[in-house]
Amino acid sequence: MAKIFYITTPLYYVNASPHIGHSYTTVAADCLARYHRLKGESVFFLTGTDEHGQKIEQAAAASGKTPSVFVDEVVERFASLWKLLSISHDDFVRTTQPRHTQVVQVCLTKLRQEGKLQQASYEGWYCTPCETFWTDEELKLKPGTTVTCGNCGRGVERVKEDGWYLPLRQHQDWLRGFLASHPTFIQPQTRYNEIASLLEQPLPECLCITRPRNRVAWGISVPFSPQHVTYVWFDALLNYVSVPGYLTDGTRFESLWPADAQFIGKDILRHHAVYWPIILHALGLSDEQMPRTIFAHGWWKIGEQKISKSRGNIVDPTVVVKEFLKDQPYAADVYRYFLLREVPFGQDGSFSEDAIAKRLSTDLANDLGNLVHRTLSMIERYSDGRLPQAGPVGCAVEDVPLRDEAMGLAKQLDERLPALDFSGALKAVCHLITHANRYIESTAPWQLATEKDSARLHTVLAMLAEVIRIAAITLSPFMPSVAEAMWEQLGLQNVPRRWLDAAQWPTLTAGQPLGTRSVLFPKVSS
Ligand code: MSP
């Protein structure tokens, strides 16, 4: 069976409602999934929720609910946000589902039977918000200073727990070698360098993979140790293989695994770039069975502060879409566009409503919306609402560069999207749109109409219609509803949108009536 392109997001904690950070990872993954589907490839896009652990147990207790009732409620908020944002995942896994918990238990038993786990007592630090253990060495303790989490900087708790351990250090040389021979395993380069330099120092001897049930009851039971539940990260990371059928469905697993693109944020890099490959290696997976790429994006911040629930500076995507952008018929797409265009993927970004409003009014309303509106109005007026017949291209100097840029756009995106350069890809689309708007100014179709030069007028309008067609295809992964609307306005509702057609010119059939028109990005009165 041919390999299916497999894309994952992290599983989000359901201790609270989703925020901009969660939506960022998911929208980026969705964009890549849509791009590969448009290219005609089979894609499996997995997202879901991380439902066990101390943090969720505490959140449930604080709301006076059992963990199970609590997570059932919060998970709905994630599901409905993904619907609102047109997320096209193929599956949604919850770590409380038996299809997942059973695989986690089988993995634990396998590791235990193969003698790969150790039983010991652990003393160190624990950060509940990050659900992460820290050793004294990792935190580089200085006398007289408060001990804080090496990741989020919040307070940590001293813990002493008996449990089961997975050796880390004994896999360190292997991981260092694997990284050296797989330079694109961790992206972007800054994150690769971060992990490569982390691996220059000795890793902690072991990773604790259980928690005592009397401290944390909300977790997957450890089959051979009734007084323990599974440590939440060991549990959650395994979703990436449990859903594809690891140890339960060999054929399905072969068709999906290894994952082609695993999207994460930089705060969970160590878990994914160190613990995750070591878990897979300990389970006996080969170098060829390691994930192809783990990409860690940056943070959305307000000022210098990371946006997070604990800092109380949450940006709720539903509020942005349904309230701030309430006048926009394609509000979710405006939000998606903003996330992917504003900041190069991998870097931190600064969030503000002003920044969204600016992108909306410049790139979307003034440039894209205007191009579509002006072109289709002129086709209505000067070509009876039907796609015009183009004369030979090349008779005017301005035709060739526009046609060449439009036809070359998909190729540019074929370089940028697999490299997860979403903002670079959108910049290239915007460049074409600006070019087309300039072309309208320089060819002045209204002048051609006055001069009754209908051959040239129709060529110009046909050129512009082709540009809009190509923009609709290439924008589809980013703004699926806007792309659909552009497509329908061109009268193409019965034609499938395929990536390969973006490199063809011309493809539109002269005489074909336009569809119903509407304004894509209404101007907001300030
Ligand atoms: N449950 C773990 C992941 C387990 S994966 C096997 C977890 N969940 S999380 O809900 O806390 O965060 C999930 C994702 O949201 C991470 O990729 C994280 O980087 C991202 N974001 C959370 N806040 C963010 C910002 N302010 N900005 C961008 N993304 C950030 O970690």
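How far does a backbone N or O atom of leucine 11 lie from a nitrogen atom of the ligand? The distance is 2.7 Å, and the views below start from there. This is a predicted model, in which local features need pLDDT of at least 70, side-chain atom pairs count only at pLDDT 80 or more, and totals for chains, interfaces and linings use all residues. Residues are numbered from 1 along each chain as its sequence is written, and side-chain values use heavy atoms, with hydrogens and water left out.

View 1. For isoleucine 307, the corresponding distance to a ligand nitrogen is 2.9 Å. (A polar contact is a pair of N or O atoms within 3.5 Å.) The protein buries 96% of the 670 Å² that the ligand exposes when taken alone (Shrake-Rupley method, 1.4 Å probe).

**View 2. The shell around the ligand.** Here are the 24 residues around the ligand, each with a heavy atom within 4 Å of it. Leu11, Asp50, Gly265, Asp267 and Trp300 come nearest. Strand S1 (5-13) gives the most, with 4 residues (strands are DSSP runs of E, at least two residues).

**View 3. The sheet that holds Trp300.** Three strands form an open, mixed sheet in the order S14-S13-S15; strands pair if DSSP finds at least two bridges between them. Strands S14 (305-306) and S15 (349-350) stand at the edges with a single partner each, so one side of each has no neighbour in the sheet. S13 (residues 300-302) runs parallel to S15, joined by 2 bridges, and tryptophan 300 stands opposite glycine 349 in S15.

Note on methods
Polar contact = N/O pair within 3.5 Å; in protein donor to acceptor, adjacent residues only side chain to side chain.
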